[in-house]
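Subject: Structure handover

Hello,

Here is the structure we talked about. Please load it first, then read the notes below.

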Amino acid sequence: MDVKDVLQAVDSEVFGIWYLIGAALVFFMQAGFAMVETGFTRAKNAGNIIMKNLMDFCIGTVVFILLGFGLLLGEDALGGFLGLPTLGIFTDYAGFDWPNFVFNLVFCATTATIVSGAMAERTKFLSYCIYSAVISGVIYPIEAHWIWGGGWLAQLGFHDFAGSCAIHMVGGISALIGAAMEGARIGKFRRDKDGKVTKVMAIPGHNLTIGALGCFILWFGWYGFNGAAATSGGQLASIFVATTIAPAIATVTCMIFTWLKYGKPDVSMCLNASLAGLVGITAGCDVMDAAGSAIVGIVSGLLVVFGVWLLDHVLHVDDPVGAVAVHMMNGIWGTFAVGLFATSSVPGNEINGLFYGGGMGQLGLQCLAILTVGAWTAVTISLTFLVIKKTIGLRASAEEEIIGLDLTEHGLASSYADFAPAADTMLKMTRDADRHRVDRTEVRHALGADGDKIASPVSPAPAPAAPAHAGTAKLTKLSIVCRQGKLEELQANLAAVGIDGITVTQVLGYGTQLGHTAYYRGVKQELPSLHPKVKVEAVITKVPVETALEAARKSLYTGKFGDGKIFIYDVEDVVKVRTGERGYDALQASPETPEA
């Protein structure tokens with residue numbers, strides 16, 4: 001064996017290992033899809049969504065072993081329509097094609113998980129498992145055989161390097177049909193008495209941070225998604241360049257467009273735009289140069305906004321995560337763009353698109369694949385959904401949807417047990433906690449007449465002596481709703497005038513001043529956003545009410561909307577559970593055993 005043969009062997013081994021590393025990166029994208037879908041939907045369905053994304057891969061593995069792998073990469077049959085099913089993984093393990101099995105399995109799972117997002121928050125879990133199995137076992141493997149398994153499209157010269165058509169368009173079409181047949185989430189569309197949609201309502205996701213994490217995970221995994229099948233260092237580097245340029249430019253384009261259209265750059269739409277750019281470049285990542293990648297990105301960044309608007313305002317199809325706009329529309333666009341921007345100047349490529357002197361031939365093949373693969377997907381997934389709908393039912397009941405699928409489908413009270421909304425937190429002020437303590441003789445901040453905060457020595461009013469009949473003393477409750485950032489200052493100033501015991505509750509709400517106009521994914525939010533606040537409650541008897549009010553107001557005042565409200569109530573009585581003391585006495589700490 002000469003040096004050239006050795007180098008070729010080493011090269012083959014290196015890229016064989018990279019092929020499997022790329023497959024692992026694609027598998028990690030399941031986490032990204034799970035995070036995007038969870039973040040863009042409501043907390044009451046988070047567990048259900050995580051479970052669906054887990055079962056996408058697990059169910060997909062089972063059916064891919066039994067049926068899907070053979071249909072995709074088995075011996076060609078019926079004129080390139082499908083491969084012959086095989087159980088070679090069991091009958092001839094030593095000679096089995098392990099790398100291609102793993103690689104195509106993780107791609108298969110990606111196709112199924114796209115559908116999950118568009119149908120989120122109202123689909124029966126059992127129904128989801130069934131149609132996910134059908135996608136992984138039949139729909140995807142057959143059309144992927146046409147493209148990658150030596151089928152009729154591959155024989156004609158159709159090009160889809162990493163799956164804009166085979167994966168994303170197929171997943172997106174399935175998502176559109178499923179979401180349309182299932183119907184919108186309760187509250188998404190407001191209708192008149194004739195059923196005509198009169199208004200589109202925004203249903204914001206519960207955790208945009210998790211959604212952003214998912215987006216970054218997907219972008220990271222996409223370097224394996226697009227680059228795993230590279231066969232040379234130059235080709236791999238060029239693929240990485242294209243996979244970086246297209247999503248970055250798509251995101252910038254979307255940011256500028258939403259900024260101009262809505263007055264603010266839309267965060268969730270820009271996250272979708274990053275994914276749209278990735279989908280758009282997937283088919284041609286190995287045949288496009290920087291200019292072609294940039295144009296793909298620009299169109300993707302605009303197309304995703306148009307797609308979300310089209311579904312909401314024209315088709316009235318509820319897609320919580322933008323799966324149709326991202327995957328179907330940009331899958332079609334990316335497949336089509338190969339016929340326009342492919343260039344032989346890219347390492348390892350001999351295809352030229354229309355704008356690079358290649359004529360209409362390649363563009364025609366790309367259009368043929370879009371039509372035929374799209375038709376196959378639409379027919380087969382529609383039949384699947386219809387059978388499920390007529391038998392076990394596709395959609396959860398209205399009651400289950402309102403309660404949340406975490407509880408009704410999985411018996412899970414909350415996916416965030418330690419972070420339940422508006423959870424009460426008891427906060428006892430203690431004199432020895434230096435970070436909260438302000439001594440009564442210290443200099444305190446007060447508000448001047450002009451509203452500016454100035455430092456001035458203000459001594460608190462002396463606490464009155466306990467009344468002769470303490471048990472009949474007047475009890476007053478203060479309920480203060482204020483900004484979270486003011487809590488520490490409020491605690492300190494209340495302590496300074498002698499109010500040591502308070503209860504703090506995390507709350508959500510808004511006042512009569514409704515604040516700024518808000519948009520979510522291009523939809524104006526009719527109801528003001530619920531803003532996080534804290535509610536501080538204290539029952540006082542020794543401290544004069546006016547003294548407490550002055551301390552609270554000086555702590556909270558900024559002169560802007562949202563400073564808060566102070567509510568004053570009479571309290572009929574109070575009982576200390578441990579001792580049975582009532583009224584005034586119940587509010588006093590026992591000197592020998594300070595309350596915790």
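Let me begin with one side chain. Glu581 is partly exposed, at a relative accessible area of 30%. Its partner is Lys576: the two side chains form a salt bridge, 3.8 Å from N to O. Lys576 is buried, with a relative accessible area of 8%. Bear in mind that this is a predicted model.

Other salt bridges

The count comes to 14 salt bridges. Side chains of opposite charge can pair when their charged atoms come close.

- Lys486 and Glu489 form a salt bridge, with 3.6 Å between the closest N and O atoms. Lys486 counts as buried at 14% relative accessibility. Glu489 is partly exposed, at 25%.
- Glu537 bridges to Lys477, and here the closest N and O atoms are 3.0 Å apart. This pair links distant parts of the chain: Glu537 sits in strand β12 (residues 531-540), Lys477 in strand β8 (residues 475-482), and 60 residues separate them. Glu537 is buried, at 18% relative accessible area. Lys477 counts as partly exposed, at 25%.

There is also a network of salt bridges. It links Arg42, Glu121, Arg185 and Asp318.

Around β8

How many of the eight residues of β8 are buried? Six are, so the strand is largely enclosed by the rest of the structure. With β12 it runs antiparallel, joined by seven bridges. Val481 stands opposite Lys535 of β12. With strand β13 (residues 565-571), β8 again pairs in the antiparallel sense, over seven bridges. There, Leu478 stands opposite Ile568.

Nonpolar cores

The largest nonpolar core holds 115 residues. Tyr131 and Phe385 have the most contacts inside it. Which residues does Tyr131 touch, leaving aside neighbours within four places in sequence? They are Val115, Met119, Thr123, Thr384, Phe385, Ile388 and Leu394. As background, nonpolar side chains tend to be buried together in soluble globular proteins.

A patch on the surface

Some nonpolar side chains form a patch on the surface. Its residues are Val62, Leu66, Leu67, Leu87, Phe90 and Val138. Together they have about 520 Å² of accessible area. Helix α2 (residues 46-73) gives the largest share of the patch, three residues. Leu87 is found in the loop between β2 (82-83) and α3 (88-91). Leu87 is partly exposed, with a relative accessible area of 40%.

Whole chain

- The protein chain has 17 helices and 13 strands.
- It has 596 residues, and 51% of them count as buried.
- Among contacts between residues at least 6 apart in sequence, 76% join residues at least 24 apart.
- The accessible surface of the chain comes to about 27,000 Å², and 64% of that belongs to carbon and sulfur atoms.

Best wishes

Technical notes: Residues numbered from 1 in each chain as written. Predicted model: local features only at pLDDT ≥ 70, side-chain atom pairs only at ≥ 80, totals over all residues. Heavy atoms only, no water. Salt bridge = Lys/Arg side-chain N within 4 Å of Asp/Glu carboxyl O. Helix = DSSP H or I, 4+ residues; strand = E, 2+ residues; numbered from the N terminus. Buried < 20%, exposed > 50% of the residue type's maximum accessible area, 1.4 Å probe, protein only. Core = buried A, V, L, I, M, F, W, Y, C linked by side-chain atoms within 4.5 Å. Contact = heavy atoms within 4.5 Å. Patch = residues over 30% accessible without salt bridge, like charges linked within 9 Å, V, L, I, M, F, W, Y side chains within 5 Å. Areas by Shrake-Rupley, 256 points an atom, 1.4 Å probe, with all protein chains shown as cover. Pairing = 2+ DSSP bridges.
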